[in-house]
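Please read them alongside the sequence and coordinates.

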Amino acid sequence: MGRMARALMALCVGTAIYAAGCGRAPAAPAAPPTTLPDPSTLPFLPAIPAWTVDLPAPVTVSLSPDGHTVAGSAPTGPWAFNAQGVRLPLAGLRGSAVWALPVGRIAVGPGAADPEEPVSVVDAQGKILWSAPAVGPVVAAGNKSGSRIVVADDGAGTVTELAMGADGALGQVSLGRGSSVEIAGNGDALVYSATHVALYSAQGRARWTQALNVDAPPRTFALDAGATGVTVATTGRDHRLYQFSLARAGTKPTPAWSASLPPDGSNWVSSGPGGRVAVGGIGGTATLAVYRQSDGMRLWQDTVPDGPGQQNPSLSGLAFTNDGGVVVALTGCVASGAPCLLILSPQGAPLGVMPMPLGSRVEVASDGAAAAAVSAAGTAVDTLAWYPLVGVVAAAAAAAA
């Protein structure tokens with residue numbers, strides 16, 4: 001059982017909730033699992049980047065949740081561009097941990113191998129909005145509106161939430177310790193590390209905390225947009241999906257439902273609109289399933305098959321679109337072996353594929369609005385390509401209607 005699941009499932013022991021909640025199987029799936037057509041046989045969607053730029057290799061890449069900014073690190077230092085391909089100023093900032101945040105903001109600080117440096121949050125004009133000493137590695141995340149930013153410094157054992165006021169004022173609260181974070185639209189933050197998980201309100205008050213068993217198998221989290229629930233997927237000895245209700249402030253999470261998953265999967269989760277959650281890498285295959293968070297009903301499950309003369313495809317990322325569809329990043333997608341973006345409707349029907357450059361690494365913004373591909377342009381140069389997706393997805397959906 002996963003670490004969070006092991007700890008939180010203890011809430012059920014000795015109570016009737018175990019039978020009625022934690023141990024309850026989800027409702028019957030709305031449709032049986034589906035094997036999709038070979039991606040090479042699906043409609044090919046326009047795959048012309050809006051812009052490209054060469055950067056010193058190797059680069060890391062981070063896309064903002066709203067699809068407005070791409071940022072990362074290179075041997076020459078941090079870099080960032082907006083969706084129009086305009087380079088954003090990061091003068092004087094150092095560190096290999098670079099995070100693109102909503103509304104053009106960027107966090108820069110020390111990574112795992114960097115010396116201690118300040119971590120800073122800057123706006124699109126390069127103005128420093130906040131800075132603090134940091135040990136690193138640092139992780140930063142923000143809600144889609146950009147009103148809240150959370151910065152975790154694993155080396156220093158600190159997590160700080162920043163509230164960006166409409167008048168330009170900045171509030172700061174401490175959220176204890178942690179190395180990773182999920183942040184809801186209202187500013188509530190789920191902070192976790194190898195030893196604990198905690199949910200904090202937008203005002204920095206701990207709604208609950210829970211110690212975790214460090215010897216248990218890995219787990220991934222997805223906090224819903226309103227911070228009323230968290231989905232946990234576990235691997236290792238326990239391949240399972242759990243849903244916990246966080247609706248009542250000041251109380252422990254309430255077990256809602258659980259669903260078994262096939263063994264050998266990576267089981268990473270992502271929450272989306274309309275109370276949906278996606279689980280990728282199911283069963284160690286290129287399989288994706290979407291569940292309803294309220295009752296655990298599996299709405300659909302798709303598997304991408306092997307294509308003629310190519311390696312097994314695998315999921316490297318996914319993002320929900322605003323209408324509940326899904327953009328899936330796949331390696332080994334088309335017959336050439338190149339990666340692609342597979343566009344799925346809200347019902348899981350394939351709408352088409354966007355082939356990406358051969359050998360590229362592909363990142364998708366968490367709202368499905370944009371993607372970036374990084375491919376080698378030589379021994380010391382990487383090419384970054386930017387792909388707007390909103391118009392392409394809308395056109396594919398209209399053509400399939």
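This is a predicted model: local features need pLDDT of at least 70, side-chain atom pairs count only at pLDDT 80 or more; totals for chains, interfaces and linings use all residues.

1. Residues are numbered from 1 along each chain as its sequence is written, and side-chain values use heavy atoms, with hydrogens and water left out.

2. How many aromatic pairs does a search of the whole structure find? There are 6, where rings of Phe, Tyr and Trp (its six-membered ring) pair if their centres lie within 6.5 Å, and planes under 30 degrees apart count as stacked, over 60 as edge-to-face and the rest as tilted. One of them joins Trp51 and Phe81 in a tilted arrangement, 5.5 Å centre to centre with 40 degrees between the planes. Trp51 belongs to strand E2 (residues 51–56) and Phe81 to strand E5 (residues 77–82), so that this pair links distant parts of the chain, 30 residues apart (helices, H or I of at least four residues, and strands, E of at least two, are DSSP runs numbered from the N terminus). Both Trp51 and Phe81 are buried.

3. Trp257 and Tyr291 form a stacked pair, with 6.5 Å between centres and 20 degrees between planes. Because Trp257 lies in strand E21 (residues 254–260) and Tyr291 in strand E24 (residues 287–292), the pair ties together parts that are 34 residues apart in sequence. Elsewhere, ring pairs link Trp51, Trp79, Phe81 and Trp386 into a cluster.

4. Strand E21 also takes part in an open sheet of 4 strands, ordered E18-E19-E20-E21 with antiparallel pairing (two strands pair if DSSP finds at least two bridges between them). Strand E18 (219–223) and E21 stand at the edges with a single partner strand each, so one side of each has no neighbour in the sheet. Neighbouring strands of this sheet are turned by 20 degrees against each other on average, direction ignored (axes are lines fitted to C-alpha atoms, for helices over the stretch in contact, and angles run from 0 to 180 degrees between N-to-C directions). E18 pairs with strand E19 (residues 229–234) in the antiparallel sense over 5 bridges, and Val232 in E19 is the bridge partner of Phe221.

5. Strand E24 belongs to an open sheet of 5 strands with mixed pairing, in the order E1-E25-E24-E23-E22. The edges are strand E1 (34–35) and strand E22 (268–272); each has a single partner strand, so one side of each is left without a neighbour in the sheet. E22 runs antiparallel to strand E23 (residues 276–280), and 5 bridges join them. Within this pairing, Ser270 stands opposite Ala278 in E23.

6. Val197 has Gln210 in E17 as its bridge partner. There are 5 residues between the strands of this hairpin, and Gly204 takes a positive phi near 90 degrees.

7. The whole structure holds 1 cavity of 30 Å³ or more. On a 1 Å grid over the protein atoms alone, a cavity is a set of points where a 1.4 Å probe fits but cannot get out, and a pocket is an open set with protein on both sides within 12 Å along at least five of seven lines; lining residues have an atom within 4 Å of a point. The largest cavity contains about 40 Å³ of space (grid points are joined across faces, edges and corners, and a volume is the space filled by probe spheres set on the points). Among its lining residues are Leu36, Asp302 and Leu344, and E24 and strand E28 (340–344) each supply at least two residues of the lining.

8. The second largest pocket has a volume of about 220 Å³. Of the 17 residues lining this pocket, Thr321, Asp323, Val390, Val393 and Ala394 lie nearest its centre. Helix H3 (residues 390–400) contributes the largest share of the lining, 5 residues.

9. Pro388 lies in strand E32 (residues 381–388) and is partly exposed, with a relative accessible area of 42%. Pro388 and Pro49 are 339 residues apart in sequence and 7.6 Å apart in space, C-alpha to C-alpha.

Terms used. Buried means under 20% relative accessible area, exposed over 50%, partly exposed in between (1.4 Å probe, protein chains only).
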